[in-house]
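Below are some notes on the model, for reading beside the coordinates. They cover surface, fold content, cores and one patch.

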Amino acid sequence: MPFRPLLRILGRARRTTLWTELKPLLTHRLFATLHSRNRSAVEMIKDAGNSKINPQPPALFLMATGYWLSQAIYVAAKLGLADLLKDGPKSCSALAVATGADDQSLFRLMRALSSAGVFAHLQDDYFALSRAGESLQSHVPGSLRAIVITLGEIHYHAWGDLLQSVRTGSPAFNNVFGTGLFDYLQRDAETADAFNDGMNDLSSLLAYAILMAYDFSGISSIVDIGGGQGKLLRSIVQLNPGIKGILFDLEPAIEIAKQHLSSDECGGRCSAVAGDFFNSVPEGANAYILCGVIHDWNDDRSIRILKNCRRAMAKTGRLLLVEMVVPEPGANCFSKLLDLNMLIMTGGRERTKAEFTALLDAAGYKLTRIVATIAPQCVIEAIPS
């Protein structure tokens, strides 16, 4: 766009009624864009014909279309594209044959994801993995493939009914799928596998963050409540030789977990017990850890779980909750978006420090400290009051 015509149009617009409409657009769009790129208006306008300059749509529009990118990443995960590229670049034609996808449509998907940094577009129709895309591989440390698949399927459909949750305060998931999340997972084995694998992968990442931040010395026995396949518990026991652990979850999860707990890694110091934490939990341990459990439930159901742990633990026991803590108003934090996800999926919630304090007090505990980790989650420690 030539500079002189721009000035001429601006001068004319100032003398018309269009100026009231054009002025805020210039202020919030054109001038903001120029400032963010830290370049003078003259330099920007001179380069406007350069193919490397790609003006972006309004920020709010980009936010509103965020699901376009999330679904594109989901499709890449579902097709296993990262696994196909792990040994080096491949042509899109070869990827299409391997995945049974349409050649041209797959190219357009790969090109869009390359623009977002998930893949790298090398030349012609050849693509390679980027650093970010490596996490879409299966069975690698830090894999996010399984969680991306579950986010792109059941979460995606439930989020489409967010309006219903906001209007009623009830989980949109129940409205979309006709039942609660955990009941649905018991009915649909394929969905449950993706969900449980995703949770296990996230637990693997979170386990090290917890272990690097919290001192488990002084604990001789610990129960992992709702611990899934037991990754967190196995990590705690492996790195703390003086601790014996019990994994507690529903029967389907326990059956899978037993295969891992029987390995030599735990030195025979881990066992597994099936049950329902709304009824009771294993007794006698001096520590009870609940990782990502309490945020699944509303206050009444959370208090019920916590009271069962309170009754079961030793007199000098401690409770460890691994959860995000919502910061003060005004602070940007992923926990505030995750809080909406919990409303939609289960009717649960993320909580502030004050809300955790009140919740623990109602269940018979005193909050002693909150230990930050390198992950978004903290370790919230409490003792019987």
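1. The accessible surface of the chain is about 20,900 Å², and carbon and sulfur atoms hold 55% of that surface. Areas follow the Shrake-Rupley method with a 1.4 Å probe, and for residues only the protein chains shown count as cover.

2. This is a predicted model: local features need pLDDT of at least 70, side-chain atom pairs count only at pLDDT 80 or more, and totals for chains, interfaces and linings use all residues. Residues are numbered from 1 along each chain as its sequence is written, and side-chain values use heavy atoms, without hydrogens and water.

3. The chain has 18 helices and 12 strands (DSSP runs numbered from the N terminus: H or I of at least four residues, E of at least two). Of its 385 residues, 44% are buried (under 20% relative accessible area; exposed is over 50%, partly exposed in between).

4. The largest nonpolar core contains 30 residues, with Tyr288 and Leu319 making the most contacts inside it. Such a core is a set of buried Ala, Val, Leu, Ile, Met, Phe, Trp, Tyr and Cys residues joined through side-chain atoms within 4.5 Å. Elements giving two or more residues include β4 (221-225), β7 (287-291) and β8 (318-323); the largest share, 5 residues, is from α16. Another core, of 27 residues, lies apart from it and includes Ile254 and Val371.

5. On the surface, Phe61, Tyr67, Trp68 and Tyr156 form a nonpolar patch with about 450 Å² of accessible area together. Phe61 sits in helix α4 (residues 59-64) and is partly exposed, at 44% relative accessible area.

Technical notes:
Buried < 20%, exposed > 50% of the residue type's maximum accessible area, 1.4 Å probe, protein only. Patch = residues over 30% accessible without salt bridge, like charges linked within 9 Å, V, L, I, M, F, W, Y side chains within 5 Å. Salt bridge = Lys/Arg side-chain N within 4 Å of Asp/Glu carboxyl O.
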